[in-house]
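Thanks for coming. I have one structure to go through this morning, and I will keep to a few local regions.

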Amino acid sequence: MKKSILLSIACFFVLADLFCGPHIADEKLPAGPKPEGRPSVALVLAGGGAKGFAHLPVIELIEELDIPIDMVVGTSIGSIIGGLYSAGYTPQQIDKTFQNVDWSPIFSDVAYSPYERTLKEHSLYNYLLSLNLGLDFSLKLGKGLSNGQKIYEMIKERVIKYPSDMDFNKFPLPFRAVTTDMLTGEALVYDEGDIAEAIRASMSIPSVFEPMEIDGKYCIDGGVRYNLAINVAKNMGYDIIIAIDISQKPRDNPDTFTANPGVAMLETITIAQYTATKAMYEYADLIITPEVGKYGTMDFKKSSVIYEEGKKAVEQYKADLEQLRKKIYPKDYDSNGNRISKEGLSKKHFRYDVKPNLVINSVEAEGLLPADKKYLDKESKAVLGKQFTPEVFTSFMENIKLTGNYKNIKARVFEGENGSKLLLKMKQEEAKSTKICADIDFTQIVSTRTTAMLDFILGLQFRGLTGRGSVISFRGKTINDYGADLYYLQPINTNLFADLDLNVEDTRYPQLPFDFKSNDYSENSSYKTFNAWASVGSRTDLGHTVKLGGYFKRYSTDSLFGIDYFDDKLSEDVREEAKRRGLSPAEVLDDVLELTTTANSMGFFLNYEIFNLDSMVFPKKGFYFDFNGRYSFPFKDGWEVQKRLLILSAEGKAVIPMGPHMSLSTSALLGTDVLRNLSDSRYAMLTEGFTNFNRIYYPQICSPNVYGSNVLAGSLMLQLMPFQQLTILGGDLLFTLNGTFGSITQDFTKLIPTDFDNCSSHYFLWSCSGGMALKVKASYSIYMRVGAGTTLQKTVAPFFSLDVGSISF
């Protein structure tokens, strides 16, 4: 007990020493070039997350009043704003460059396997939660919510014209980035090197971003030591210091304080940081504090709003800045303080956009796996001899990351006489890991019939166990459905892979009539399946995937309701007989028609997919195309192969942005039995036929009631996103207007109805609905729809549906 108390006291004093400065450096720091004939001026920009966009209107006002800046010192967000301003961006350009940034993937940047989409149901994308473990099942929480690769690339794109051995004094405005050495607690001031790395290091918010490693130094956010680094400007000997402080202030109402451990710790840090910052005020000539305290540190989606609020707030400092200018240019004013000349007119700020691009003539790599050397040599041809533009940089980095072997990649460029050398510093991904994953899927439909299906899914994965990139995944589900799945993926090289999938499942579709007083029946149809798939595949740099393999399917069911729906007369007879005898149509089909309830098939398949959407659920832009071809041999239990089948299907989606808050999404599905043999093998409908249970095209349908040899379906959806994201980690709220249609037939010529009677039959289903969706993350959503559509009873009825899970709407 005493040891525990002593340990707690020691931890408190360590935290107090870390946060409760002020820690003012004793040694003098090397300064940048200083002007002659007037005082030197330094601008110090504080950290504060998204509130840092309030720095921009202050800088605009400084420019407007013609106050010269000889040095910019930035911490955290202040290093981003200050770094870009020093590099040649205007405040307006900085604001504009961040307006359309999607911050969610930046703050939840995790190094997924490049095969993640290939894993389908076993992908981490499809799980709501996942825990990363070691092979010994020890918990590994990682070093931050984000590994920081995407925010590094975002910064690098914007300063790509500068080499990585840059003297920061040679920027259009000299610059310093302040960060904290994680191992020693010392404040580090970067004045040379790669500006993107220095900025990324300065804003490595603990627990949000992983520490940034720069040549053996592990850096965390500069705000841990000096959130407003006035002391850095003072120790460089600048005569006049202007500081912009956007730091979080302590609570002014004690009633709002809470004992919540997380909130209490954050408040403790805020008080310590504010006290340290306040103590340095005396070294500045002017402290500007834009009133943006109502915004949070993570409100990056509100950057433009914060910018506009800052413009209103800084007007009160105009007179103070004018007084400061008099110290700089005293001869520019008369005895009454009025300007009498333009003697002090500062030089025009250099524009980054006129600076030429660097040209790459060689590519080298540190930390490269020997197996990836040929791949790097091939990809390097895309940059050699070309201007290193942001587009070239982004494409090159994405292609290198396709190997899946590297957690972080830094791109350093060094100028030479005959061009520039690109040096990649690569940090390898952990080769082996264990993951425990969990998911909840729920579907509810209320129409002429109603159903509710809830499944809990648990997964266990071993990654890298049989080589880099390999995945062995076990997956089980329970509550409504019962099933188990084993999946194995083995990369052969950077592009080629092989996979195997074994699945056994009992899928259930419980249904009740909406009106219990009616003569309609209740049903709990069940489909027992066994599937085995094996394939080899290839990925390309452009997001294309091709798979070729073989498969075996075995389906059995206690409900064949709908299998014979391709015959109108027969289906009516079955329904009439069911009503007369008080049975379900399934029981009539089994008893009267004596149809088999088991179907088998095996064959070969070819799959081609291209995925270019920006999200797996409710994307805002991009396109997707998937082609499937199956050459199948259906057979009964006696292994007697019936007529061969050639089933082809194609599905596509295109999402067109129509402004920042609206997009139009179109989807289409077409499938057919080319050899026209499926209709002669009714039992094979279970394994190879097309069904009407599809949550995208048939939202009002409760179960697979209709099977057919041909399908044509389409969806047109208008997506409205009037609000900002609910959190910086995601949480889009959308409203939708959606129209769908679908046709399933045995006769290909009847896919498109030619008369009203056909349109009102079960062959052709349509729906119109309005909906609301919460996009929890890029692959998981909660989607509610209310609308009307046609039913299998050839009527139009209202419906309500709720879908929770990873359905690709």
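I start with D506, which lies in strand 21, residues 496-513. Keep in mind throughout that this is a predicted model. Is D506 buried or exposed? The cut-off for buried is under 20% relative accessible area. D506 has a relative accessibility of 12%, so it counts as buried. Its side chain makes a polar contact of 3.4 Å with the side chain of R508. Which residues does D506 touch once neighbours within four places in sequence are set aside? They are D481, Y482, S526, Y527 and K528.

Next is S703. This residue sits in the loop that runs between strand 28 (690-691) and strand 29 (707-708). With a relative accessibility of 2%, S703 also falls under the 20% cut-off and is therefore buried. Apart from neighbours within four places in sequence, S703 is in contact with Y509, Q511, N692 and F693. Take the pair S703 and Y509: 194 residues separate them in sequence, while their C-alpha atoms are 5.8 Å apart in space.

Now the helices. In helix 10, residues 303-313, the buried positions are S303, I306, Y307, G310 and A313. Why do they lie on the same side of helix 10? Because the arc they cover around the axis is only 120°. As for what lies over these buried residues, the cover includes helix 2 (55-64) and helix 4 (91-99).

Helix 12, residues 373-380, can be read in the same way. Buried here are Y375, L376, E379 and S380. They span an arc of only 135° around the axis, so they sit on the same side of helix 12. Among the elements covering them are strand 14 (360-366), helix 13 (390-401) and strand 16 (419-428).

Two of those covering elements, strands 14 and 16, bring me to the sheet. It is an open sheet of 3 strands, in the order 14-16-15, and the pairing is mixed. Which strands are at the edges? Strand 14 and strand 15 (406-416) are, since each pairs on one side only. From one strand to the next, the twist averages 20°. Strands 15 and 16 run antiparallel and are joined by 10 bridges.

Definitions and conventions. Residues numbered from 1 in each chain as written. Predicted model: local features only at pLDDT ≥ 70, side-chain atom pairs only at ≥ 80, totals over all residues. Heavy atoms only, no water. Buried < 20%, exposed > 50% of the residue type's maximum accessible area, 1.4 Å probe, protein only. Helix = DSSP H or I, 4+ residues; strand = E, 2+ residues; numbered from the N terminus. Arc of directions from axis to C-beta. Contact = heavy atoms within 4.5 Å. Polar contact = N/O pair within 3.5 Å; in protein donor to acceptor, adjacent residues only side chain to side chain. Pairing = 2+ DSSP bridges. Axes fitted to C-alpha atoms, helices over the stretch in contact; angles between N-to-C directions.
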